Amino acid sequence: MSANAGVENRPGPTAAEGPVLAEMHGAVLVLTLNNPDKLNAWGREIESRYFDLLEHAQESPEVRAIVITGAGRGFCVGADFDDLKSVSESDTTALQRSRPISYPMSISKPLVAAINGPAAGVGLVQALYCDVRITAPNVKLTTAFARRGLIAEYGSAWLLPALAGRAAALDLLVSGRVFLGDEAYALGLVTRLAKPEAVLETAFRYATDLAENCSPTSMSVIKRQLQRATSQTFEAAFADADTEMLESFSRPDVKEGVASYLERRQPAFAPLAPLDSVR
């Protein structure tokens, strides 16, 4: 991949098979939605395989951070219309899942979206389920729902106001208009901007930094704190932080974090334990 030029042991698909490709690079798992002929349109096969790989990553002590991107020119342009054709008012099978479509939000390891091309509808929402989003200034994004006769699906009516505020969320959802990466960055929907050819590289380097220098347990607890804080008062979140801080003092990561800093070396944090997964 040209987007990875200059990255040692860089991520990049080695085989064009399967709805989602998976590659380990150090402690970073790179998942690539792989239906480039349809700009990685979201369908049952991609969803099932993607969620299976996330579930495996959650259980694997070797995985400390995860990057999600798309093969070819797109990230994910929304629902596969071949799947949508089978949906009718009396057909509810499209809504029946063994895991909710928001399943990525339950993963306790950091998810970094490398939005390498257009993201629309459920594709944009899948990027919003990630913890960090990186894209290029000219990448096209859209909710699209209102222009397909749909509503604010998959929790987007909660996600967008939380990230960009109610007024911006209403605009993006009601209009279904196309907006670009630089506007998404200004609104707070995107964490970082990169040159088009460097989106995946930037995401990979960010994920590698997390994997090499941050405590897996700390990252898991912080993600859990942020999720709880959305329904807490400040006082409750403050008290929650005190409880979590006292618990952190009993773990070896604090000692290792301080020692590695004082000794000016890379920390050697333990892998994430199953009990530290998001509850």
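Q: What covers the buried residues of helix α9?
A: In this predicted model, the cover includes α8 (216-229) and α10 (252-262). Covering rests on contact, defined as heavy atoms within 4.5 Å. Helices (DSSP runs of H or I, at least four residues) and strands (runs of E, at least two) are numbered from the N terminus.

Q: What do the numbers and values rest on?
A: Residues are numbered from 1 along each chain as its sequence is written, and side-chain values use heavy atoms, without hydrogens and water. As this is a predicted model, local features need pLDDT of at least 70 and side-chain atom pairs count only at pLDDT 80 or more, while totals for chains, interfaces and linings use all residues.

Q: Which residues of α9 are buried, and why are they said to be on the same side?
A: Asp240, Glu244 and Ser248 are buried, meaning under 20% relative accessible area, where exposed is over 50% and partly exposed is in between (1.4 Å probe, protein chains only). They cover an arc of only 80° around the axis, so they are on the same side of α9. The arc is taken from the directions from the helix axis to the C-beta atoms. An α-helix has 3.6 residues a turn, so residues three or four places apart point the same way. The face turned away from the buried side of α9 carries the exposed residues Glu235, Leu246 and Phe249.

Q: Why is Met245 called partly exposed?
A: Met245 has 40% relative accessibility, so it counts as partly exposed. Its place is in helix α9.

Q: Why is strand β4 called largely enclosed?
A: Five of the five residues of β4 (residues 111-115) are buried, so the rest of the structure largely encloses the strand. Leu111, Ala113 and Ile115 point one way and Val112 and Ala114 the other.

Q: What makes β3 and β6 partners of β4?
A: Two strands pair if DSSP finds at least two bridges between them. Strand β3 (residues 65-70) runs parallel to β4 and has three bridges to it, while β6 (residues 132-135) pairs with β4 in the parallel sense over four bridges.

Q: Why is Thr135 called buried?
A: Thr135, in strand β6, has 0% relative accessibility and therefore counts as buried.
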